[in-house]
Amino acid sequence: MTVGPQGRRPLSFWILTAVFVLFVLFLYGPMSAIYILSFQGPTGGLTFPMRGVSLHWFGALFGQQRTGDFSGSFARSIILALIVMALTLVISLAAGLAFRQRFRGATLIFYAAIASLVMPGLFVGLGIALVCQVLGITPRWWLTGLGAHLTWTLPFGLLIMFAVFNRFDRSYEEAARDLGASDRQVLTAVILPILAPGLIAVALFGFTLSYDEVARSTLTVGARNTMPLEIYAMTNNVTSPALFALGTVTTAISFLAIAVALLTIARITRRRGTGPVRAADPAGAPS
Amino acid sequence: MTGTERRGDVALHEVTKRFGPTLAVDRVSLTIPHASYCCLLGPSGCGKTTILRMIAGHEEPSSGRILIGGQDVAGLVPAQRGTALMFQSYALFPHLSVRDNVAFNLRMRGVPREQRHREADRMLELVRMTAFADRMPAQLSGGQQQRVALARALITNPRVLLLDEPLSALDEFLRLQMRSELKRLQTDLGITFVHVTHTQPEAIALADLVVVMNQGIIEQAASAREVYARPRSPYVARFLGGQNVIMGKVRDQDGRHALLDGPGGALFRVPLHERRPRPGEPVWFAVRRDLIHLARAGAGAVTAENSLEGLVEAVEYQGSFVKVTLATATGEEFLVNEPEAAFFASPVARGDRALASWQPDQVHLLEPDRAGAGGSPSLTAAA
């Protein structure tokens with residue numbers, strides 16, 4: 001950090017600090033208000049001040065009442081996110097492996113896959129809904145909803161796999177083959193374990209992108225809402241802090257997914273000794 | 001008995017490898033005897049690594065045959081060939097401990113855990129890495145990683161160990177240490193080693209058979225002493241170093257000697273042996289740097305046969321000898337390694353004119369290069 005001759009910081013430091021503080025306030029301020037208000041007392045309302053502190057509104061979420069179908073939409077969202085995660089992982093890995101070979105039309109297929117990232121999500125959903133209507137398919141969250149989510153998660157998964165394979169040294173594979181591994185063993189004993197951190201990242205993206213998807217979902221999930229859509233509906237007709245409690249719960253789940261993923265990656269890198277240096281006992285007795 | 005004695009033979013017959021339009025290996029034939037140490041020597045891009053990878057089964061030849069122990073290995077996967085390749089980057093699996101890396105081959109073959117760990121520990125003992133068995137590869141130094149890679153390759157009990165630039169990632173001290181260790185291992189195990197390198201001292205220190213390559217073909221395949229002292233072509237002489245390569249055009253020959261016109265009016269007399277060059281034909285020959293007599297050139301000195309006059313460009317003290325660089329009419333650097341005592345008896349300095357001369361029987365006649373242009377002076381890589 002630059003410090004002036006008399007120990008005074010330059011003006012630029014204070015300007016940049018102010019910008020950063022504003023950014024953090026803007027990022028976390030409104031969110032924090034929601035988290036705090038979700039612990040509103042039973043007699044409290046949608047705004048400050050707090051009238052006591054309670055878990056009342058969290059309880060209200062799970063109770064049968066006018067807050068809408070919270071439990072159902074939550075279950076649907078989690079199941080859908082898990083299916084999307086698994087499919088994204090498998091398909092992205094397979095595509096990443098395939099794109100390592102030069103094949104005819106590789107570039108075209110790549111751009112076609114990536115293009116769905118820039119198309120407006122609402123119209124992707126609209127297109128799917130229209131086609132389904134023509135084909136006489138009733139939109140359902142586990143059918144058309146799943147497809148819509150995959151148009152969003154697969155390009156991300158593919159891009160991550162590209163980055164992952166870019167850093168993957170193919171001599172690992174050749175070494176494995178040289179040491180007698182079959183094609184299948186090369187995949188299971190070498191490629192998958194080495195790529196594990198990248199695969200976890202793909203899984204995390206698949207899960208979280210699906211979990212809070214709105215634009216592509218609105219017209220494709222059919223009669224039963226996923227949770228983001230349910231929340232959106234609630235903002236129009238729920239007038240209690242239960243809405244805030246819902247925000248807190250869903251955010252906690254997102255953070256939980258991220259924490260699990262990051263901790264797993266950290267564990268792997270620490271085990272491989274590629275993370276922060278730790279002293280290893282050179283005379284470690286063979287176990 | 002002959003069967004077992006030849007099980008580590010490696011034979012290449014007219015092997016060619018193309019990568020698209022590029023010809024990486026051009027009709028190479030070579031026989032590496034069982035239990036010998038062979039070095040494939042050449043600059044990067046000369047095809048040496050491609051040959052190694054074809055023997056290992058990681059590349060298939062475009063044409064030609066490869067035999068290991070007399071058996072054609074076309075279409076066999078690496079593990080069926082009885083070869084083991086040690087990669088330049090070592091390619092140790094980062095997610096496995098040292099012991100599990102070494103035991104990888106046994107795990108692939110379904111050997112029970114306890115037995116494969118016992119075997120792995122035995123191999124680690126061979127390369128003196130027992131104390132590091134539980135470490136992860138990222139926690140090892142380059143030299144330690146190499147020992148593990150060696151143990152991992154040797155646990156397959158190969159007939160032929162293939163080493164791709166095994167010493168290039170190590171510092172000078174470790175390189176010399178590992179060099180002698182490789183030789184010790186090869187002798188102890190009694191298997192064939194094929195070692196790819198671009199470093200001339202490494203090749204001649206280790207190899208029973210040095211294969212000097214250039215642009216996808218073999219310039220010379222012979223013992224270390226042979227390629228060093230009796231290089232076949234100007235390319236080999238320059239790449240191995242230790243020689244001055246000189247060209248002259250035949251003026252006259254009497255069946256035993258030829259008289260050559262050299263640059264700047266110099267005259268060289270060279271023994272012909274079997275060769276019968278026509279008048280006017282260019283002939284290359286080599287003279288070892290340490291077999292040249294150096295004298296201060298007197299004013300108006302008459303240039304005698306078998307000598308070159310030049311300007312001293314550099315004088316480097318090397319301990320047991322002094323390396324003097326002359327700029328002569330040949331257009332190439334002319335190097336003289338004069339014994340220390342002889343040099344200091346009549347020293348020369350930068351800027352002096354000096355006369356380098358040699359005996360005709362110390363001249364070694366060269367054949368033209370097989371690849372590329374005959375006398376390109378740009379190939380003095382190992383000078």
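## About the model

This is a predicted model, in which local features need pLDDT of at least 70 and side-chain atom pairs count only at pLDDT 80 or more, while totals for chains, interfaces and linings use all residues. Residues are numbered from 1 along each chain as its sequence is written, chains are lettered from A and ligands numbered from 1 in the order in which they are written, and side-chain values use heavy atoms, with hydrogens and water left out.

## Where the chains meet

Let's begin with the interface. Chain B gives 29 residues to the contact and chain A gives 29 residues, where contact means heavy atoms within 4.5 Å. Together the two chains bury about 2500 Å², with 57% of it on carbon and sulfur atoms. On the chain B side, P94(B), H95(B) and M108(B) lose the most area to chain A, together 23% of what that side buries. Buried area here is the accessible area (1.4 Å probe) that two parts lose on being put together, summed over both.

Which side chains meet in a salt bridge? They are those of E174(A) and R53(B), at 2.6 Å from N to O. The count between the chains is 1 salt bridge, a term for a side-chain nitrogen of Lys or Arg within 4 Å of a carboxyl oxygen of Asp or Glu. The largest share, 4 residues, comes from α4(B). Helices (H or I, at least four residues) and strands (E, at least two) are DSSP runs, numbered from the N terminus.

## A strand with two partners

Now for the inside of chain B. Strand β14(B), residues 282–288, has 5 of its 7 residues buried, meaning under 20% relative accessible area (1.4 Å probe, protein chains only). Strand β11(B), residues 243–253, pairs with β14(B) in the antiparallel sense over 7 bridges; two strands pair if DSSP finds at least two bridges between them. Strand β20(B), residues 363–366, also runs antiparallel to β14(B), joined by 4 bridges.

## A glutamate in β18(B)

Is E338(B) buried or exposed? E338(B) is buried, with a relative accessible area of 5%. This residue lies in strand β18(B), residues 333–339. Leaving aside residues up to four places away in sequence, E338(B) touches L294(B), F321(B), V322(B) and F343(B). The C-alpha atoms of E338(B) and H293(B) are 7.6 Å apart, although 45 residues separate them along the chain.

How values were computed:
Buried means under 20% relative accessible area, exposed over 50%, partly exposed in between (1.4 Å probe, protein chains only).
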